[in-house]
Amino acid sequence: MFTFRSRVLNGYLGERRKMEQLAYQNPNPVLRAGADGKIIYSNNASEALLKKWDTGMGEKLPPSIENLVKKVVKGTSHEKIEVRAGKKVYLVTFYPVPGEDYANIYGFEITGQKKLEQKLRIKEKQYDALYTLGRIALKCESLQAFLDESVKLIAKTLDLEFCKILELKPDGNFLVIAGTGWKPGYVGFAFVKGGKWSQAGYTIFSKVPVIVKNFAEENRFEAPEILREHNIASGMSVIIGDVEKPFGVLGAHSAKKRKFTADETFFLNSVAFIIAEVIERRYAEEELHQYKEKLEEIVKERTIELTRANEQLSMEISRRKKVEKDLENSVYFLKTLLDAIPSPVFYRNLEGIYQGCNDKFSRKILNLPKTEIIGHSMQEFREQFSEETLRETEYNDKILLKEGKSLPNELKIKCAIDGQLRDFLVYKATYSNLAGEVIGIVGVMLDITERKKAEKALLKTEEIRKKEIHHRIKNNLQVISSLLSLQAENFSDKKVKESFHDSQNRVISMSLIHEELYRTGETGDVESFDFKAYIQKLANELFRSYVVGNKDLHLKLDMENVFLGMDTGIPLGIIINELVSNSLKHAFPGGGGGEVNIRLHRLHNGENRSCKDQDTCAVSEFLLIVSDNGTGLPENIDFRNTSSLGLQLVNILVDQIGGSIELKKGEGTEFRIKFREEVCPEKKQK
């Protein structure tokens, strides 16, 4: 009985040591703290949290963390907090252990999630700013007031100290007509030289946004005096208006070195577009206002003349009719101006009935005369607008009318003029009557089809770049393998040469993986590779390396066609390399005959779960068997605790892929490794 209890106790202690070893090797922080707030266990990955909390093994946690531990130990529920340690952010969970006077602490890195949330907040901030800018354009009484508010909003949104609007003058130089952050006396008075050797002039010349990371290292142009006076380090600038006939340049700057993102450049371009539209509209309104004043003066003069001389009544009536004709011409001019806008424009009443549109909308979107559009709703044009488009439009209209704001939204619309399905970015706002009552919605549709195609082209370029990286890695690994081979020739010690030989084979196993990734990358997928083809090459390479002149030693492969990702395929390749090499070196002493077997089969598909590229991904379980019919391992060898570097490496890599390994002894040696792998639908098996 004592012996039985000892075996049970030893087994329990062994399992406990095994669990502690797994926790110690866990790449995520794992700690244990007592109710007194002292650390009683931590693994390697916990170093960042211990450093953040300024404590260590056997030392107390900070008061706030200690209170959390006490709360968890006394209760039955867990607690979660976020901890920023250096450049990383961890989600730390405190779990109670029933019946124990301590709590387990687990950390999980969420740095990437936090960065994504920050990027989304920045985009939302930019969209809100664009919406606010549109509202400012409607509210500001003067163009100068709108420009002054615009530069402040831009600087605040991009978190910059300086922003300015430069008007291009006939002599080619620029006048600072609006700005924020600049010293007194610059805005409204300072001139900036034009030409290719200034940032503003270079922006007009290049016709694209210009970004300067560091003016001290800039060699395309020189920083003008206004930037030098304010110690500007970096900035970006875009054209306001038509690139062929620009109004000027919009610039945003910082006294600190800063790297501007594509989203920030797009935001500044969007603002410049709105400013250009407002400037054009204001100029048109000013002309109309002057013409209106002139008309009113004419009417006033004619009215005075009517009171003075009845005999001129007929003449005055004729002239009044002329004035009315002029007013009709003004209305016609406004319609013409609407048709001149290069994007489809429409406006609907609160019931969703079209009240008007420009030629771009009638011809490009519906390919119908305006008379057949006005007075009808979107529901009557179902050939162009899908059910999804109608639902999304109705939802966004409700938000706009309820909250007074609307974010730009993308729609796919089948254009009637050519039957093509095109992508549009739709900006909408409400419009009011003279009494200030909202009476409808006006929308502008920007065709972004070509931009979408460009984005897809960029993704394709990225795949080519990854493929080239794998090709270069493969070549570099082959160079390393050759260097190891050359270096081994300098040693006479057999064990040293054997170590170099083993290292060379490990490098070759990784090189073959990158060769396979490069080859399969021709189909567009550089994240996974044909594992069966790879193992065939690896096994043949090992036999060529270890088996010289022994025709009685054979390799047998029984493998299922499967594509594996790099994170699983590379460790498995090294595992197979170590096990097959071990068999070839030790299982057949004296050059005897035998057989080495490698088998890989899918046990079952398992459950489905969501993934980033598809709706679902199948998580499959696999069984890998590496065996030989040689002399077998000695009975007293524990392959999990051995001085052999190869077997140590095998155990570590099995843990790394989250698998399990078993050794079956008997006639020969057989290693059985189970692991799981996520296989997405688009990764087609060959």
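Which residues form a nonpolar patch on the surface? Select Leu-350, Leu-401 and Val-438: together they have about 240 Å² of accessible area. Patch members have over 30% relative accessible area and no salt bridge; like charges are joined within 9 Å, nonpolar side chains (Val, Leu, Ile, Met, Phe, Trp, Tyr) within 5 Å. A salt bridge puts a side-chain nitrogen of Lys or Arg within 4 Å of a carboxyl oxygen of Asp or Glu. Areas come from the Shrake-Rupley method with a 1.4 Å probe; for residues, only the protein chains shown count as cover.

This is a predicted model: local features need pLDDT of at least 70, side-chain atom pairs count only at pLDDT 80 or more, and totals for chains, interfaces and linings use all residues. Residues are numbered from 1 along each chain as its sequence is written, and side-chain values use heavy atoms, leaving out hydrogens and water.

Stay on Val-438. It sits in strand E16 (residues 438-447). Helices (H or I, at least four residues) and strands (E, at least two) are DSSP runs, numbered from the N terminus. Val-438 is partly exposed, at 38% relative accessible area. Buried means under 20%, exposed over 50%, partly exposed in between (1.4 Å probe, protein chains only).

Next, select Ser-46. Find it in the loop between strand E2 (39-42) and helix H2 (47-53). Ser-46 is buried, at 0% relative accessibility. It touches Pro-29, Val-30 and Leu-31, leaving aside residues up to four places away in sequence. Contact means heavy atoms within 4.5 Å.

Now go to helix H16, residues 645-656. Its buried residues include Gly-646, Leu-647 and Val-650. After H16 comes Gly-658, with a positive phi near 70°.
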